Amino acid sequence: MELRTLRYFLAVAREENMTEAANVLHVTQPTLSRQIADLERELGVALFDRTNRACVLTGDGMRLRQRAEEILSLVEQTEAELADDEHELAGNIRIGAGETQAMGHILNTFAALRRDNPGVTCELFTGNADAVEERLERGLLDFALLIEPVNLDKYEWLEMPGADTVGAAVAASSEWGRLAGLTPADIARMPLLLSSRTSNKAIDLVEWSGGAIDPERLNVVGRFDLLGNASHLVRSGAACAMGIDHLLQLESADLTFVPLDPPMTIKSFLVWKKYRLRSRACEEFLRRLG
């Protein structure tokens, strides 16, 4: 399986049309069709469902698309690192993160690095901790910003300055918006949106409440990964989203953040894989962060 063939395959997957993909690739349509047919024979599966007008990915095709994108991303990153000019700092720094105020510190550091080295770029991925860690493990990220709890034994890491306060984003006009703090009794009554994170629970309400909260009796409206879309439901008053403070979505007159009472804070860590060679740009980025 050649890299060129994977690029051809991805072009057809994007365009969903053999002729359009051939135009994008500047090859003839018969040449492209033959390459895709050869790839299907090599793999022993059908990658596309074909009609007169469209080529739509099959289930096997969708799996190959994910792997092909990962393979080509790693190839491009490797080529960039090997071509790194020793006299000019350049290259791409790939960072994955959820929503936390520590990202401001990280991006301020990157901005200063880029001012001094215009050849340095960044690629940002936003998602919950499960999605970010998965991309880090697959080599698609150089760094991941994670909030507690984190299994730091798996990684090299830096603790970020400051800590995030745990509470709930609520509609400012709701009964919850008038409270100074949320007690276990308040949480037990609230219509809640909880994190979709599954690997480690960032907010353990049972431990925080000393066992006063029964997770089976909570009024759970739904789950979310990031607050952006969930904030629309919060504004309606239909739900309150458990999370942390200092998020951009909370800078709104119709939303407010109410901390837990007793208070709870969580730390953030920038992590990266052990024993992995890093580009000079990544090394300089870490030096400035540390």
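**Backbone features in loops**

Tyr275 is placed in the loop between β13 (268-273) and α10 (280-289). The model is a predicted one. In this model, the phi angle of Tyr275 is near 60°. That value is positive, and Tyr275 is a residue other than glycine. The relative accessibility of Tyr275 is 78%. Exposed means over 50%, so Tyr275 counts as exposed at 78%.

A positive phi is also found at His26, where the angle is near 60°. His26, too, is a residue other than glycine. Its place in the chain is the loop between two helices, α2 (18-25) and α3 (29-43). His26 has a relative accessibility of 72%. Because exposed means over 50%, His26 counts as exposed at 72%.

Cis peptide bonds were examined next. One joins Glu148 and Pro149. The omega angle of this bond is about -5°. Pro149 lies in a loop, with β5 (143-147) on one side and β6 (155-159) on the other.

Another cis peptide bond joins Asp261 and Pro262. Here omega is about 10°. Pro262 is likewise in a loop between two strands, β11 (255-259) and β12 (265-266).

In brief, the cis bonds involve Pro149 and Pro262, while positive phi values occur at His26 and Tyr275.

Terms used. Residues numbered from 1 in each chain as written. Predicted model: local features only at pLDDT ≥ 70, side-chain atom pairs only at ≥ 80, totals over all residues. Heavy atoms only, no water. Helix = DSSP H or I, 4+ residues; strand = E, 2+ residues; numbered from the N terminus. Buried < 20%, exposed > 50% of the residue type's maximum accessible area, 1.4 Å probe, protein only.
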